[in-house]
Amino acid sequence: MPDTADKTFYLETFGCQMNVHDSEKVVGTLMQQGYRQVQTVEEAGLVLYNTCSIRDKAEQKVFNRLSDYKKYKAQGKIFGVLGCVAQQEGKRIFERAPYVSLVAGSASYRNLPAMLVQIEAGNRATGLDDRETEDCFETEYTARTNPHRGYITIIEGCDKFCAYCVVPFTRGKERSRTSASVLAEARQLSNLGYTEIQLLGQNVNSYRDPDGKRSFAELLTAVGEIHGIQRVRFTTSHPRDFGRDIVDAIESSPVLCDHVHLPIQSGSDRVLDAMQRLYTRDEYLERISWIQSAKRDISITTDLIVGFPGETEREFEETLSLLDLIGYDSAFTFKYSPRPNTPALRLDDAIPDEEKSRRLAVLNEKQRSIQTHRNKRHLGQSTKVMVEGKNPSRGQWIGRTSQIKVLNFTAPDGAELKTGSYVDVRVTTSFPNSLVGEMVETGG
Ligand code: 5AD
Ligand code: SF4
């Protein structure tokens with residue numbers, strides 16, 4: 001039986017950066033409530049699982065994991081399921097895994113302290129009814145895991161309802177924080193020594209300042225003006241809401257990173273319409289032309305889905321031709337998987353899995369050759385990287401460029417570098433997924 005005076009928790013996180021950052025806030029909140037984080041289930045009194053349900057049989061994986069944990073119940077441990085699977089499956093989790101005490105979706109984390117009191121008293125607690133909330137989950141005690149790059153959520157939820165996507169059902173409606181509170185958090189991070197800020201949102205550029213003071217582009221600029229901040233990133237952007245003013249902001253401020261992640265999902269107008277993506281191929285290409293005509297070399301990355309219900313071979317080929325046309329620096333590619341509650345469930349998911357796999361392989365092969373070609377343009381260039389760590393087996397330092405590329409490099413005379421510092425590196429070799437180089441001089 002864990003010692004109740006020493007309240008300990010173990011938290012495992014799955015999924016996107018939003019989930020990773022939610023976990024940082026959950027950890028901060030738990031610590032504020034007197035809990036101590038431990039690194040193994042064995043040591044913990046409270047075991048939490050922050051789940052993702054974006055693709056595949058995520059629910060099943062969660063239940064499998066929970067049944068692994070069943071053996072610990074006899075030791076008096078308390079179990080909680082957080083995040084998207086919690087929101088999606090709700091109280092069914094108690095039926096399938098009766099030893100679970102807490103089931104809470106991301107929109108309810110503000111109420112975690114009250115829920116903790118309930119479960120500590122031996123009761124069950126749920127946080128499932130908050131998706132229509134106007135509030136965001138802002139915490140004073142966010143326990144950030146990276147000491148140099150600080151995530152800040154500026155907008156939660158999603159109102160877009162793309163036909164395949166479970167997010168609007170699990171994360172609830174779109175709600176933005178005031179730009180004043182975002183800037184206050186960014187200043188606080190800068191005071192703590194953070195030099196990189198990453199603004200987060202399911203659709204970060206759909207941001208609407210509740211005070212009406214700043215547009216998203218103005219907020220980016222304002223974060224970039226904070227003393228000590230050297231890099232500003234933002235993800236994920238939705239093409240429909242991607243304005244030219246974002247490119248103008250990047251152009252006018254070198255602190256805003258040379259990178260835009262702009263998911264296209266498909267290159268076919270018919271499929272885009274069936275996906276309810278709210279833009280056409282041409283409208284998307286227009287946004288790409290704004291980015292590509294900037295004076296700085298801005299890298300563009302995307303997300304793609306193959307095998308959406310009804311996608312013909314021809315339509316798939318339109319996606320392939322789009323890749324050639326745009327020349328992405330990286331792409332996250334997925335096979336369509338039907339998700340609970342989503343409108344696409346009404347469509348016949350008739351494309352066999354082998355065919356989806358084939359399309360995925362063709363797509364990945366094409367994108368790989370595009371990246372091989374595109375990364376060559378960096379050869380001989382000197383570029384600033386943030387030092388992220390060291391690869392001891394190779395004796396190389398790991399850096400990240402403004403374009404978000406991994407650049408592994410050697411330092412002169414085996415110099416020891418500080419993680420989080422910025423140095424200039426000359427690129428000597430390129431691979432499809434990374435670059436290699438030599439440090440030329442230390443920067444700021
Ligand atoms: N099937 C496959 N991919 C999906 N994504 C979201 N929902 C699904 C789904 N049901 C992908 C999209 C999105 C990324 C985060 O995950 O490409 O941009
Ligand atoms: Fe999902 Fe579409 Fe919202 Fe992105 S914009 S979270 S893909 S519904």
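In this predicted model, cysteine 52 is partly exposed, with a relative accessible area of 23%. Its sulfur lies 6.2 Å from the closest cysteine sulfur, which belongs to cysteine 84, and this separation is too far for a bond. Cysteine 84 is likewise in no disulfide, the nearest cysteine sulfur being that of cysteine 52 at 6.2 Å. A disulfide is a covalent bond between the sulfur atoms of two cysteines. For the assignment used here, the two sulfur atoms must lie within 2.5 Å; the pair formed by cysteine 52 and cysteine 84 therefore does not qualify, its sulfur atoms being 6.2 Å apart. Cysteine 84 is buried, with a relative accessible area of 8%, whereas cysteine 52 is partly exposed. The structure as a whole holds 0 disulfides.

Asparagine 19 lies in helix α1, which comprises residues 17-32, and is buried, with a relative accessible area of 1%. Asparagine 19 and valine 362 are 343 residues apart in sequence, and their C-alpha atoms are 30 Å apart in space.

The chain is divided into domain 1, residues 7-127, and domain 2, residues 379-442. The C-alpha centres of domain 1 and domain 2 lie 38 Å apart. Glutamate 120 is located in helix α5, which spans residues 112-120. With a relative accessible area of 38%, glutamate 120 is partly exposed. Its contacts, leaving aside neighbours within four places in sequence, are with Lys7 and Tyr35. Glutamate 120 and leucine 417 are 297 residues apart along the chain, and a distance of 45 Å separates their C-alpha atoms.

Glutamine 396 is found in strand β15, residues 396-401. This glutamine is buried, with a relative accessible area of 12%. Not counting residues up to four places away in sequence, glutamine 396 touches Lys390, Asn391, Asn408, Phe409, Thr410 and Val436. The loop between β15 and β16 (406-410) contains isoleucine 404. Isoleucine 404 has a positive phi of about 70 degrees although it is not a glycine, and its relative accessible area of 30% makes it partly exposed.

Positive phi values were also found elsewhere in the chain. Leucine 278, which is not a glycine, adopts a positive phi of about 70 degrees. This leucine is placed in the loop between α10 (269-274) and α11 (281-292) and counts as partly exposed, at 45% relative accessibility. Threonine 236 is found in the loop between β10 (231-235) and α9 (244-252).

Helix α7, residues 179-191, has 13 residues and reaches 18 Å from its first C-alpha to its last, close to the 18 Å expected at 1.5 Å a residue. The buried residues of α7 are Ser179, Ser181, Val182, Leu183, Glu185, Ala186, Leu189 and Ser190. These buried residues pack against β7 (149-156), β9 (196-201) and α8 (216-224). Helix α11 has 12 residues and extends 16 Å between its first and last C-alpha atoms, close to the 16 Å expected at 1.5 Å a residue. In α11, the residues Arg281, Tyr284, Arg287, Ile288, Trp290 and Ile291 are buried. The packing partners of the buried residues of α11 are α9, β11 (259-261), α10, β12 (299-306) and α12 (313-326).

How values were computed:
Residues numbered from 1 in each chain as written. Chains lettered and ligands numbered in written order. Predicted model: local features only at pLDDT ≥ 70, side-chain atom pairs only at ≥ 80, totals over all residues. Heavy atoms only, no water. Helix = DSSP H or I, 4+ residues; strand = E, 2+ residues; numbered from the N terminus. Buried < 20%, exposed > 50% of the residue type's maximum accessible area, 1.4 Å probe, protein only. Contact = heavy atoms within 4.5 Å. Expected span 1.5 Å × (residues − 1). Domains from an automatic or database assignment.
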